[in-house]
Amino acid sequence: MDKIIVKGGHRLCGNVKISGAKNAALPIIIASLLNDGWNTFHNVPQLMDIESTKLLLENLGAQVETSGHTVRVNAAGLSRHEAPYDLVRKMRASILVLGPLLARLKKTRVSLPGGCAIGARPINLHLKGLEHLGAKIGLEHGYVEAAAQELIGNEIYFDMPSVTGTENLMMAAVLAKGETVLRNAAREPEITALAQVLCMMGAKIKGAGTSIITIYGVDSLAPVTATIIPDRIEAGTFMAAAAITGGDVTLTDCRPDHVGGIIHKLKMTGADITVSGNTIHIVGPERIGSVDLKTLPYPGFPTDMQAQFMVLMSVARGLSIISETIFENRFIHVSELRRMGADITVSGNTAMVKGVPLLSGAPVMATDLRASASLILAGLAAANTTEINRVYHLDRGYEALVEKFSGLGANIRRVKN
Ligand code: UD1
């Protein structure tokens, strides 16, 4: 397995282009299952999760073509209704095929994704919502089996806003009969992006981006050409890297309006941030100031940036309290950061971080995507060399990460192990 070696102490400077958003690309590519014909998507990031999605679609009978950052999908040949364990276990977001397959084929069988490193992550809200649309749901041998003679619009209330839950239900409801109202829906930009693509296909959706989404079912949808929005978590990760190295970095091709919560917090640490059109310019402070943080559904501070922010706080002047309210087990990076000299105490869903002047490089290992990114940030700021193992997590969700950091002047390389 490859590893990444980082020699800390280099100030990051220069421009970095932000790639298409993984979490927008996944549901949008999967939405191709809802029509017959060639859909074309531009600005698709080159990631393992995208490869897993393409395999899954091909396995269902769709045709997929890729050229650079353009992916074309044609689901006219959709012939199978099952998403097998081997494909789903590689990527939890495979559960997103549930809604479209049910809408198109009236039956589906999708492997349960199971737990993952950042918590139990149930799918009860997806299933309850589909039941409200008239589906009969069963759980057999680790698979969700869902069937419906026809899907009929209904009121669906989310006990808590779920991103993929909202996406799954939106994709099921677009071809249902009548009106569906999703209440307490997730408001993430990826939801709005998916709704826009579905509307381009001919769906009738109102209120995406708010907590009440209304969907008027239509008989069929047409293929589209669409461009994937920029990745707000990648943007946040590079901003945090600029801040922690006292760097001077310009992010291009991003959506500053999607990272307002992150910019707000980074400014409070002393970073100087200016926004102009689709670029963000960030100059890191001499020493990071400490800030408290609570993760919340969008537009609150994203849980997917919590680990990176914790690294910042681990070298800040003073004490900060970080509360994780979305996932119950999302402090797995703490023990690795401690090995690098961070002073962090965890109690329940709260971490108390006492900033130290300098982290020290160490061999570390991460167990999820964003935790891996946080360890790279720690390595960039640490004395000496940090060796990050299990980098396949990073391949799942960050495009050309090593190349992008190198381009900004980091001393970073990937080695075959
Ligand atoms: C998505 C993102 C992930 C991000 C997360 C939260 C994708 C592919 N992934 O994950 O990067 O970290 O949003 O912003 O877009 N829950 C239930 N029952 C359900 C569904 C969710 O209890 O049926 C709970 C979860 O355990 C969690 C909370 O709801 O506590 C939010 O999770 P959710 O928004 O569903 O996360 P994902 O969509 O899996």
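This tour moves through a helix pair, a sheet and one further helix of a predicted model.

Residues are numbered from 1 along each chain as its sequence is written. In this predicted model local features need pLDDT of at least 70, side-chain atom pairs count only at pLDDT 80 or more, and totals for chains, interfaces and linings use all residues, while side-chain values use heavy atoms, with hydrogens and water left out.

Select residues 22-30 and 48-59 to begin: these are helix 1 and helix 2, packed at an angle of about 10° with their axes 10 Å apart (axes are lines fitted to C-alpha atoms over the stretch in contact, and angles run from 0 to 180 degrees between N-to-C directions). Helix 1 is therefore roughly parallel to helix 2, a term for angles under 35 degrees. Show side chains next, and K22, A25, L26, I29 and I30 of helix 1 meet D49, I50, T53 and L57 of helix 2, where contact means heavy atoms within 4.5 Å.

Now select strand 22 (363-365) and strand 24 (411-415), the edge strands of an open, mixed sheet of four strands in the order 22-23-1-24; two strands pair if DSSP finds at least two bridges between them. Three bridges join strand 22 to strand 23 (residues 385-389), and the two run parallel, with V364 opposite I388 in strand 23.

Finally, select helix 9 (residues 260-268), where I262, I263, K265 and L266 are buried, that is, under 20% relative accessible area with a 1.4 Å probe, protein chains only. Seen down the axis of helix 9, its buried residues fall within an arc of 165°, so they line one face of the helix. After helix 9 comes G270, whose phi is positive, near 110°.

How values were computed. Angles under 35 degrees count as roughly parallel, over 145 as roughly antiparallel, 65 to 115 as roughly perpendicular and the rest as oblique. Buried means under 20% relative accessible area, exposed over 50%, partly exposed in between (1.4 Å probe, protein chains only). The arc is that of the directions from the helix axis to the C-beta atoms.
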